[in-house]
Structure formats: structure tokens, C-alpha cells
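Good morning, and thank you for coming. Please look at the sequence and the structure on the screen while I walk through a few selected places.

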Amino acid sequence: MWIKKSFLTMLSVAAVCFVQAQNASIKGFVYDAGNGEPMPFASVFLKGTSLASFTDLNGYYSIVKIKPGKYTLAATTLGYDSTFVEIELKEDEVINKKIVLKKKNVELTQVEISAERETKKTEVKIAVESVTPKEIKSLPSLGAEGDIVQYMQVVPGVVSSGDQGGQLYIRGGTPVQNKVLLDGMVIYNPFHSIGLFSVFDTDILKNTDVYTAGFGAQYGGRISSVMDITTRDGNKKRFGGKVSAGTFMSKLLLEGPIKKAKDENDGTASFIFSIKNSYLDQTSKSLYKYASDDGLPYSFNDVYGKIVVNSASGSKVSFFGFNFRDKVDYSGVARYDWSSSGGGMNFVLVPGSSKVLLRGNLAFSSYKIKLDEGDDRPRSSLVNGFNLGFNWLYFLNNDEINYGIEVQGFKTDFEFYNYANRHISQADNTTEFGIFFRYKKIINKLIIDPSFRVQYYASISEFSPEPRLGLKYNISDRVRLKAAGGYYAQNLIAANSDRDVVNFFYGFLSAPDDLPTTFDGKTIKKKLQLARHAVAGVEVDINKHLDLNIEGYVKDFYQLSNINRDKVYDDVADNYDKPDSTKKSFIVEKGFSQGVDVVLKYEYRRFYAWLVYSLGFNTRNTGNYTYAPHFDRRHNLNVVSSYKFGKKVDWEVDLRWNFGTGFPYTQTQGFYPYLNFQDGLATDYPHENGQMGIIYGPYNNKRLPTYHRLDISVKKLFQIARNSELEVVASVVNVYNRKNVFYIDRMRFKVINQLPIMPSLGASLTF
């Protein structure tokens, strides 16, 4: 009841703010004249006044509290001609004005960084990276295509555990603690088994916000990070697309208008469709046979489609669907495959006489995964369900009020065998409800961004109140201090142990019932995973071309759930005297992560460089002992650069060098013949040959050798026609063939390395 009253009180306060603002307002959308796409981060202002607004990802702007009269409305962004519109406003009038910007015939080298600098002055922007396709393509691309997963590996605080079956660990959080949204739809596995590609086509992306810590209450259900991906609407002016092929994969992208606008007062409809297909398992048998005797057994197929219907006022509704598939087949060793599919819709509604922007989404997605190692102990996992949300956003010039409601329902079903050959399974149906309220206020040089979320987990009857706060102080136009923090909770856990170093199998299950009743002498009151974040930093615009960002963070994972690798007994009445650590299917742990990230960005004309250094410390506590998780990398350094040259600026060289200290691992102390006594006392143990059992040393008390790798790509662009160009890309992964340790095969006493030197060639035709 208190939650309901608190939420209604906040809405009442917001309503008072709106009632007090009785002056005129103007709102609308800004579009690119070339393709009709909405233009984010454009500046819209009334000439001769201090009234201004920046467009959001939908190209939406809103200027309020305007005195009646005649004005010149202006919109501008770098690389585009400014547009000026004469308007006249009456008392309490709210008008909707669409603005179209035409691209200049100039080189667009500093559009993103300049827009980013401007938004930093009015947004807290801490522990978040906004990623555009242009930035993704500034990294060395494999074959003909860049990919967001390659960019994610240079985001501050992100650690990749490997090229094959590797996962991303974000500032101490595990993959299951990272929420991935695609146009508002939950994606359960965004990365393929070969860690060079994601399920997303770079050319369909509009923007990706990666929140690595301290994110606001508009996001719930995860305790570490959020990746919020928005796709383009598709070209509203003409039919076009892209076809590409390389040594790794091929791709086809098509987009265009379904219905063109007859004039500025007419609506539109457009589509975008993408399909990617990998054939590395075939090409590697001849091109990369040295990497593996049987080639590299990875293959995938990704399909995504979207239809967008726009009204003349800028309101729109989108319908989308996807199917992602991944397969790994190590002949005679293991077969692994997963599939993900789903679809949904979202909308943006701009009521004619209101100052509110209403957004909503409804989607369904399903993820299935199976691993068969030929030992009659298959592992499988299923998660499927829906997510529904509505949120209302009010722009009060630079201030914002945002509140909403979310509902998510899903089913989990998994089957698993631990190292003691004990069978663990669980099937659940779960429903979650969340409400949030956020108010961003700018007071002179201070930006205050408090928010509050309440999440209710119906299946376990638990509430989770989650207050959060973001702050920024603009010391000057060039120097800004910032901080953020909050409480976070989630229900999902991974259907595997976080202690496994190499893990192709990554399934999901909801909060388990089979947990110990106590941890470290204290009673366990909640079944959720719980964390609190604190992050602080400073931004410095050293000069027009050089930016410095330093952030320190702490993540206290004060309750985590994990698969019990040490379970040897069934949890039945006969084993009442056995410790929970040996009979429960799941265990409770605590985690603590802390670190500092330093980012230095330089961009001038045709040259772009980015240096990222991360210092991190990660620990886990089982209640009996403390250990370093396998992703605990103490030092991680990335150097990225991109240079365009030639008379027509049609050549480009991209480079990335990564250095990281070694991951922790557990040494082997010895071996023994293992008998499972499946026949009980009738087992002929004096004569039966057991399997090879391993005696392990202290958990993760040693470190693998350091990791470093250099990737380079060279691109050449050929202009074929006005809207058609051919790009040829030659690239090399692991240029100097560094033998980076992936893991150690204990049985064969053999070191397995990550990918060796891998040259590739590809071409893409845009039309």
C-alpha cells in the first residue's frame, strides 16, 4: 500500500509542475532529408532566446514555457545545413512542427563527438557509452563487416573471456547480470559462440547505450549493466540496401519505403530487413586449417525485420521480428546449439495538445540451448516469455519527468549435471511487475537525476524497492564532476557455474527454491540476487579535439546465487545431517568488484584515437573461502585508432591493440581412478577400471600468462554511382600470431590457445 501511495504522490507533484506551466509550447521531430530517418542529438532553439532543446533518439524535441509572440525556430547539427522556420505562438498553445535537415557536402568527422560534448552538459552521463555505427566501423572489421561485440570489448570496464565461447563481463558482473534490449525487447543471448560476432547487424543500428554501472530506475531486473539497442526505421525516400561477403560470413540488407509521403502533412511507412549467414565452419577447413585439424566448427544465421508506420505528426508504430541461430560441432567431442526467436511492437505517441511523449512496447522472445558431450549427461535450458511496458516522458526544456510501468512474464526449464554427476533440474513460471519514477532537474551548474523503482516478483512474493541517484556539477564548460549509485535486484540466474572457465552452455533459470537457509551465520531472507553500486568520476575537455574521462566504481554483490558444483547428496530426509553445501542444488555467495577506468579520446579531421585503461579487482565469498572469479583481470589496456587518407578520402586504416594480465585458474595436483558405485555394494571395485578423476589445488590461486593481440584492417572505397559504393576490406586478426592461452586440457595435459593469426578479405556493395 505504501508503494502505491508513494507513486501517486510523485505523480501528483509532477501534475502540479505541469499545471503551473501555462505558457505556449512547441514540439516535434527532426528528420534527415536524405532518408527520412529521425535525427538524434540535433539542437533546436528559438533565435534570440535561451530556450533550446536537444532531440532524443526518436528525433523528438520539446520547448516549453514560451511567451506568446513571433519567433524563428532553428535546428542545426554538424554536417547539416541549419533550418529556420518562422512561427507564431498564442497563449497556452501547443504546436507540433516537423523539421527537415539537409546534409552538407562536407566531411563528417566530428559529428558524434561534438553532439556528445553538448549533451554531457545537460545529462549526468556517467558509466555509459553511447555507440553509433560510425564508431563500430572505426575498429578493425573481420571480412567486410564490423560488429558491436568487437566494440564492446574496448568499452571501459568490459572484459572478454575469450574468442571461442567467450562471454563479456562488465565491471565485475557476469553475463546473466547484463540486460540486453533490442527496440525494447529482451534478448537473452546477444553474442555468438565465436566471440567475434553478435546477433546484430551493424547497419541496422541507430544507437546503443551501454550502462556499465549506476544506471537509473527506468531499467530493472538486472544487477550489473544494461545494453539498450535502438534500430533504424528504414529509408523512407528510396529503395536501397547492402550486400557483403567475406571469408567469415555473408550478409544481405534491404530497406525502403512502403508508402512515401506526398507532402509534409502525409504519413509514411518503411521497412528494413537483414540476414547474416556464417560459413566459417566450411572456409576454415581450407583457409584456417592450421587453427584446428577439423577447421573452426562455428556457424550461425541471423534474421531481423522491421516495419515502421509514421503519422504526419511524428507518432509512429513499429513491428519487428527476429530469428537467431548458433551451432558448434566438435566432431566426436561435443555438439552445442542454441536458437532465439521472437517479435513484437513498440510505439511513440505524441498527443496533439499535450506536452507528453508516450512510449510503449510489447514483445515475446524465446531462447533454447542444448549441449551434448556424448556422455549421456545432456545439458539443456529454455527461457521464453513476454515483456510489456509503458512510459510517459515530459520535457520541461532541459528538465525531464519520466515514469512508467513494466510487466514481464517468462518460463524457465533446465537440466544440468554437475561435476559429481548429480542431476539438477528446475522448471518455473515467473511474473515480474515494475514501476519507476525519474525526475531530472538542472539548477544552474548542477544536474540532479533521482529515480526510484519498485519491482515485485510474483513467483516468490517479494518486493524490491530500489532508490537510485545521479549527479553532475559543471565546474566550467570543460570540466565536470559526476556521481551515481543505487540498489539493484534480479530474479534470473545462470544455469551453469560462474566458476567454469570455458562455457559454451549458458542457460537461464528463475530464482531457485533449493537455497541454503543461512549464509555466513546469517539467515537468508530473500531469494533474489542483490547488489548496490557507487560510481564517481570527472570529465575534462582538454581541448577541441581531446577528451579525458576518469571513473572509479564499486559494485557490492551482497547476495548471489550459483549452481552448486560440490553437491554430492540428494536433499532428502535421510541426509538431514549433511551440510547444505553438499546437498543443496544451489549455493549463496557474496561478491565485490571495484576499479578505475581511464578513457582518452582524440579526434581531429581524418584521425581518430582512443585509449582505454582499466584496473579491476573482483572477489567472491562462498562463506567458507574467498576466491577470484575466472574473469578477474587486474589490468586491461586497449588502444584504438582510425585514419582516413587519399585525395578522395577513400582509404582507411583501423587498428586495435589489447593487453590484459592473466586470468586466475586452478592448478591440478594429481589424478585418481574415479568409481561412481552405480551398482552400490555390488560394484566390483577391486577389478573395475574407474574414470580419470582429478585432484584440484586451491581454487583459482594461480594466474595464466598475459594476453595481448593486435588487429588491423585496411579499407578502400569505390564510388560507383550517386547512391552506390563498393568497399573492399582486408584485415588480420592477431597480426603477430601471439599464442594466448584459452584454457588447459587437464586430461591431455595440453594448452589450448585462442585464435591464431587469421587474415580475411571481404567486400560490400551499398546501393
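Let me begin at one residue, Asn-700. Asn-700 touches Tyr-627, Ala-628, Pro-629, His-630, Pro-664, Tyr-665 and Thr-666, leaving aside residues up to four places away in sequence; contact here means heavy atoms within 4.5 Å. Asn-700 lies in the loop between β42 (691-696) and β43. Strands, and helices too, are DSSP runs numbered from the N terminus: a strand is E with at least two residues, a helix H or I with at least four. With a relative accessible area of 8%, Asn-700 is buried. The term buried means under 20% relative accessible area, exposed means over 50%, and partly exposed is in between, using a 1.4 Å probe and protein chains only.

A word on the source. This is a predicted model, in which local features need pLDDT of at least 70 and side-chain atom pairs count only at pLDDT 80 or more, while totals for chains, interfaces and linings use all residues. Residues are numbered from 1 along each chain as its sequence is written, and side-chain values use heavy atoms, with hydrogens and water left out.

Now the chain as a whole. It contains six helices and 48 strands. Of its 767 residues, 56% are buried. Among contacts with a separation of 6 or more, 65% are between residues 24 or more positions apart. The accessible surface comes to about 32200 Å², and carbon and sulfur atoms hold 56% of that surface; such areas come from the Shrake-Rupley method with a 1.4 Å probe, and for residues only the protein chains shown count as cover.

Let us turn to the strands. Two strands pair if DSSP finds at least two bridges between them. Strand β12 (residues 178-182) runs antiparallel to β13, and two bridges join them. Which residue in β13 is the bridge partner of Leu-182? The partner is Met-185.

Elsewhere, strand β20 (residues 316-330) and strand β21 (residues 334-349) run antiparallel and are joined by 15 bridges. Lys-327 has Asp-337 in β21 as its bridge partner. Strand β21 is also joined by 15 bridges to strand β22 (residues 356-372), again in an antiparallel arrangement. Here Gly-342 stands opposite Ser-365 in β22. Between β21 and β22, which form a hairpin, there are six residues. As a general point, side chains in a regular strand alternate between the two faces of the sheet.

Next, the charged residues. Side chains of opposite charge can pair when their charged atoms come close. A salt bridge is defined as a side-chain nitrogen of Lys or Arg within 4 Å of a carboxyl oxygen of Asp or Glu. The structure holds 38 salt bridges. One of them joins Glu-37 and Arg-232, whose closest N and O atoms are 3.5 Å apart. This pair links distant parts of the chain, 195 residues apart: Glu-37 is in the loop between β1 (24-32) and β2 (43-46), and Arg-232 is in the loop between β15 (225-231) and β16 (240-246). Glu-37 counts as buried because its relative accessibility is 6%, and Arg-232 counts as buried at 16%.

Another salt bridge joins Arg-703 and Asp-632, with the closest N and O atoms 2.6 Å apart. Arg-703 belongs to strand β43 (residues 702-703), while Asp-632 is in the loop between β37 (626-627) and β38 (635-645), 71 residues apart. Are these two partners buried or exposed? Arg-703 is partly exposed, with a relative accessible area of 37%, whereas Asp-632 counts as buried at 1%.

Lastly, consider Asp-56, in the loop between β3 (52-54) and β4 (60-66). Asp-56 is buried yet has no salt bridge, and the nearest side chain of opposite charge, Arg-359, is 4.5 Å away. For charge, Lys and Arg count as positive and Asp and Glu as negative; His and the chain ends are not counted. The side chain of Asp-56 does reach the backbone nitrogen of Asn-58, at 2.9 Å. Not counting residues up to four places away in sequence, Asp-56 touches Met-39, Pro-40, Phe-41, Leu-357 and Phe-395.

Note on methods
A polar contact is a pair of N or O atoms within 3.5 Å; within protein, one must be able to donate a hydrogen and the other to accept it, and residues adjacent in sequence count only if both atoms are side-chain atoms.
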